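Subject: Structure handover

Hello,

Here is the structure for you to look over. Some notes on what was found in it follow below.

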Amino acid sequence: MVSLTSLYTDSVSLKVSDNLQQAEETGLEFVEMATRVYGKEHPDVLNGLTNLADIRVKMGKFEDAREIYQTTLETHECVQSGGSREASEILKKLALIFDRMGEPDEGMACLERIVEMNVNMYGEEHPEVATSLNALAVLRMQHREYDLALPMFEKSLAIREKEYGRHHPHVATALNNLAVVFEKQGKYDTAQPLYERALDIRKTVFGAEHNKTRQSEFNLEDLQDKKLLEACLSQTITAIQDRQVKAELAQEEMADLIRTQNAVLEKISAKRTHKLNSTRGDASNLTSDSKKRLHILAARMALKNKRSNSM
């Protein structure tokens with residue numbers, strides 16, 4: 001007879017090697033056998049159920065996985081009503097499932113429960129609270145809820161600075177995330193010193209060639225490019241809106257500014273082509289979007305000149 005230990009081990013190994021059909025069958029066999037032997041609330045059964053749900057996530061069976069996770073979570077909460085690390089891990093998995101199923105509000109509710117659970121278990125200033133706040137804030141930011149994400153990132157940073165000191169890699173991560181929110185809000189001057197601090201920490205801890213350091217360098221360069229582009233666009237708009245500048249002169253200035261901005265855009269585009277480690281999803285659209293804005297401005301200026309000449 002096959003032992004329970006070997007069934008569980010085989011299922012996990014098959015899952016890791018992406019032999020998912022066999023992993024599912026073996027995992028289900030383990031859960032059924034372990035439930036008969038130990039009962040449904042035994043830790044081995046709960047681990048087996050979580051493993052089975054993990055397999056079904058990899059298979060794309062999100063609804064099945066969600067039901068298993070929720071059943072397992074309810075059992076954990078009955079056994080340990082004040083919260084547990086196991087319940088927290090399942091809530092994380094549920095949050096990812098809900099987000100992939102297009103139900104971000106449900107996912108955020110799971111992450112909010114993790115924050116509450118960690119506060120109850122560890123206290124408000126514990127690093128686990130900082131980690132869970134960061135996860136919730138990241139999801140808020142991904143759904144453009146920047147005003148809600150900002151205080152969570154600030155709290156996470158404060159906890160990590162108090163726990164680890166101002167020069168720890170976890171602090172650099174918190175600084176980077178906070179900077180991203182300010183950047184998304186268009187507050188470039190506020191974001192820049194945060195990116196600079198994160199870069200300094202990573203250079204000191206990891207060295208100049210580490211991926212995290214390079215990512216921080218790219219984040220800072222990307223922000224500086226955006227600031228330069230924003231300044232160019234502002235100049236263009238000012239030139240167009242200045243009623244005291246003659247139409248012909250404005251058109252010449254417009255052409256010069258567009259040439260300058262196109263040069264900036266080409267520089268940014270070339271730089272991004274060589275950044276292999278970029279994880280910033282919004283960066284790739286900057287050049288094309290900005291060119292569209294310039295073309296619209298140029299068309300408006302040409303129309304204005306045409307109307308002036310016809311009068």
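Does S11 count as buried or exposed, and what is its relative accessibility? S11 has 0% relative accessibility and therefore counts as buried (buried means under 20% relative accessible area, exposed over 50%, and partly exposed in between, with a 1.4 Å probe and protein chains only).

Before the rest, some notes on the source. This is a predicted model, in which local features need pLDDT of at least 70 and side-chain atom pairs count only at pLDDT 80 or more, while totals for chains, interfaces and linings use all residues. Residues are numbered from 1 along each chain as its sequence is written, and side-chain values use heavy atoms, with hydrogens and water left out.

The chain as a whole

The chain has 13 helices and zero strands (DSSP runs numbered from the N terminus: H or I of at least four residues for helices, E of at least two for strands). Of the 311 residues in the chain, 41% are buried. Among contacts in the chain with a separation of 6 or more, 61% are between residues 24 or more positions apart (contact means heavy atoms within 4.5 Å).

Helices α1 and α3

Two packed helices are described by the angle between their axes and the distance between the axes. For helix α1 (residues 4-16) and helix α3 (residues 43-58), the angle is about 20° and the axes are 11 Å apart (axes are lines fitted to C-alpha atoms, for helices over the stretch in contact, and angles run from 0 to 180 degrees between N-to-C directions). α1 and α3 are therefore roughly parallel to each other (angles under 35 degrees).

On the α1 side, the contact is made by Y8, S11, V12, K15 and V16; on the α3 side, by N47, G48, N51, D54, I55 and K58. These residues divide into four nonpolar, four polar and three charged (Asp, Glu, Lys and Arg count as charged; Ala, Val, Leu, Ile, Met, Phe, Trp, Tyr, Cys and Pro as nonpolar; the others, Gly among them, as polar).

Two residues

S11 lies in helix α1. Leaving aside neighbours within four places in sequence, S11 is in contact with A23, T26, G27, N51 and I55.

R56 belongs to helix α3. At 15% relative accessibility, R56 also counts as buried. With neighbours within four places in sequence again left aside, the contacts of R56 are E24, K61, F62, D64, A65 and I68.

Regards

Key. Angles under 35 degrees count as roughly parallel, over 145 as roughly antiparallel, 65 to 115 as roughly perpendicular and the rest as oblique.
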